[in-house]
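Please walk through this protein with me, from the whole chain down to single residues.

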Amino acid sequence: MFALSTSPIDARALQDAMRRPEAGAFVCFEGWVRNTNEGRTVTLLEYEAFEAVACSEGSHILHEARERFGLLDARCAHRVGALAIGDMAVWVGVVSGHRGEAFAACRYIIDEVKKRVPIWKKEHYSDGDSGWVNCECHCGAEVHVHAEPVTEAQLYARQVCLPEVSQEGQDRLRRGRVLIVGAGGLGCPAALYLAAAGVGEIGICDSDTVDASNLHRQILFGIQDIGAPKAERAVDRIKSMYPFTIFTPYPERLTDKNAMEMFCKHDIILDCTDNFEVKFLINDAAVLSKKSAVFASIYQWEGQVQVYQPGTETPCLRCQWPDMPEPDCVRTCAEAGVLGAVPGVFGAMQALEALKLLLGRPALPGLLLFDLLSGQPHRAGLKRSASCPVCGTNPTIRSVDPANYGDGLDVEVEGAGEGNGTFDGFEVIDIREPQEIRERPLAGLKSTAIPASRFEQDSLPLSTDGRYLLCCAHGARSKYLARRLRARGYPHVFSLKGGAEALV
Ligand SMILES: [Zn+2]
């Protein structure tokens, strides 16, 4: 519990509220207003806080301390407004099983609060003078930085004067909540520009850790971050720069399990990933949760940006590609190479498109492609497709089924390799060409032969509630086809892992 209060802190009541039978230690810190600072006589203090961010950051710190030190409870109260000499300005209390972690946690909390929570102190001196004092902690040594508290009006003065922004638009940005999926070459610059513009809440989702080969394009990280989790390190770095934004790290992979819940907490989703499975998951979850999404992809010197906005004519990814392309049909940065400024340009464009959406401007129509080596832009006039399997008039994708993103499609061979196996409850369909089947029949397995090409036709030899197990030579074609059939409205189609090879 982190609280700001204009009235005196009741330390006794706070302490009593933390009593519990399993507690072996209680440590508290009280910060009092003293009468001198740097040789000058202080007569009065004023504290001013940016309340929403202070409370959110303060709560984060208490949560971190509880996790890190295994505390039973941790609380902090901070005064704001005018304080007299001797008044208690801040109170920190921790309760734990043993004294060691209680001492350490109390110290940790007070140091982090001083460093991270946006609270400014104005000292009034006996000579009538006054000054703002921000106490920051650097490497354990207290340094006093004299600085006026920065106001939002000062920070955003140069963008508020744009007629398309104005104070009303700035207020919209402050209420905006953007989720960035992927803290890489696109996500880092996007996060910086969104935070710098004053977007109120930014979530950063990435399960990866920083690698030395990332640093030339992932500009939120430095050499000291190698090996650290990207989402958390990105948030640590960026929140020290922009205290007016609330940042939430999600150090996990975006999956069918967490996507909808994460999307519901945000207004706009930025796809800053480099793999098809996550892009299509973002696409489907955005359409299903009625959130706008800004997609970007890069390949060597080229990149593209596309915006999906629900309720408009902007297309989603599946309007153009109803079926997800095979995951390995495009090479990634690791294989193809990239100059860091290229994702920098496209990440900044994603931030720009998100800011425009938050400001209520129309979404970028179609697809914008840009070859940055030749400087040649190209606009592709994509339109929403009525037959799109997710945003069309009769959608077949109604939930984020893991099978649509390559997971949960494979059926393993168990005991069927003896030549007499059956897959209970499945109708097995051999999708290989007749020549292949002649060369290697499915030994002892009852199956129907329907070549893959037959599934390209409009009418399919399947029923929507049937359970089918597709089989090919090695399990690749069957997996691709199973995913496509799922997207076309056949939810119980699976792929035999390893194909005919696995049965031998
Ligand atoms: Zn669509």
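What follows moves from the overall outline to helices, the core and a few individual positions.

The protein chain has an average pLDDT of 88, and 92% of its residues score at least 70. Two stretches call for caution: over residues 135-146 the pLDDT stays under 50, although the model has 19 contacts beyond four places in sequence for them, and over residues 416-420 the pLDDT is likewise below 50, with ten contacts in the model beyond near neighbours in sequence. Where pLDDT is low, the predicted coordinates should not be read in detail.

With that in mind, the overall outline can be described. The C-alpha trace of the protein chain spans about 100 × 60 × 40 Å along its principal axes, and its secondary structure comprises 16 helices and 23 strands. The domain assignment divides the chain into domain 1 (2-149), domain 2 (157-380) and domain 3 (409-503), and the centres of domain 1 and domain 2, taken over C-alpha atoms, are separated by 36 Å. Of the 504 residues in the chain, 37% are buried. Among contacts with a separation of 6 or more, 70% are made by residues 24 or more positions apart.

Helix H3 (residues 99-116) shows how a helix can present one side to its surroundings. With 18 residues, H3 reaches 25 Å from its first C-alpha to its last, close to the 26 Å expected at 1.5 Å a residue. Its buried residues are Ala102, Ala105, Cys106, Ile109, Val113 and Arg116, and because they cover an arc of only 135° around the axis, they lie on the same side of H3. The buried residues of H3 pack against strand S2 (25-32), helix H2 (51-69), strand S5 (73-79) and strand S7 (88-96).

Two other helices, H7 and H13, are described in terms of how much of each is buried. In helix H7 (residues 187-196), eight of the ten residues are buried, so H7 is largely enclosed by the rest of the structure. Those buried residues are Gly187, Cys188, Pro189, Ala190, Ala191, Leu192, Leu194 and Ala195, and what covers them includes strand S11 (177-181), strand S12 (201-205), helix H8 (230-241), strand S14 (268-271) and H13. After H7 comes glycine 198, whose phi is positive, near 95°.

Helix H13 (residues 341-358) has 18 residues that should span 26 Å at 1.5 Å a residue, and its end C-alpha atoms, 25 Å apart, agree with this. Because 13 of the 18 residues of H13 are buried, this helix is largely enclosed by the rest of the structure. H13 is followed by glycine 360, which has a positive phi, near 85°.

Which residues have the most contacts inside the largest nonpolar core? That core has 70 residues, and the ones with the most contacts inside it are Ile180, Val181, Ala191, Leu194, Ile204, Leu270 and Ala354. Alanine 354, leaving out residues up to four places away in sequence, touches Val178, Leu194, Ile268, Leu270 and Val294.

Most residues other than glycine have a negative phi, and most peptide bonds are trans. Glutamate 38, although not a glycine, has a positive phi of about 50°; it is found in the loop between strand S3 (36-37) and strand S4 (40-49), and it counts as exposed because it has 9 C-beta neighbours inside 10 Å. Lysine 290, also not a glycine, has a positive phi of about 55° and is found in the loop between helix H10 (276-288) and strand S15 (292-299), where it is exposed, with 11 other C-beta atoms within 10 Å.

Leucine 462 lies in the loop between strand S21 (448-449) and strand S22 (468-471), and with 18 C-beta neighbours inside 10 Å it counts as partly exposed. Apart from neighbours within four places in sequence, leucine 462 is in contact with Tyr468 and Tyr490.

Note on methods:
Residues are numbered from 1 along each chain as its sequence is written. This is a predicted model: local features need pLDDT of at least 70, side-chain atom pairs count only at pLDDT 80 or more; totals for chains, interfaces and linings use all residues. Helices (H or I, at least four residues) and strands (E, at least two) are DSSP runs, numbered from the N terminus. The expected span of a helix is 1.5 Å times one less than its number of residues. A residue is buried if 20 or more other C-beta atoms lie within 10 Å of its own, exposed if 12 or fewer, and partly exposed in between; C-beta atoms are placed from the backbone. The arc is that of the directions from the helix axis to the C-beta atoms. Two residues are in contact if their C-beta atoms, placed from the backbone, lie within 7 Å. pLDDT is the predictor's confidence in each residue, from 0 to 100. A nonpolar core is a set of buried Ala, Val, Leu, Ile, Met, Phe, Trp, Tyr and Cys residues joined through C-beta atoms within 7 Å. Domain bounds come from an automatic or database domain assignment.
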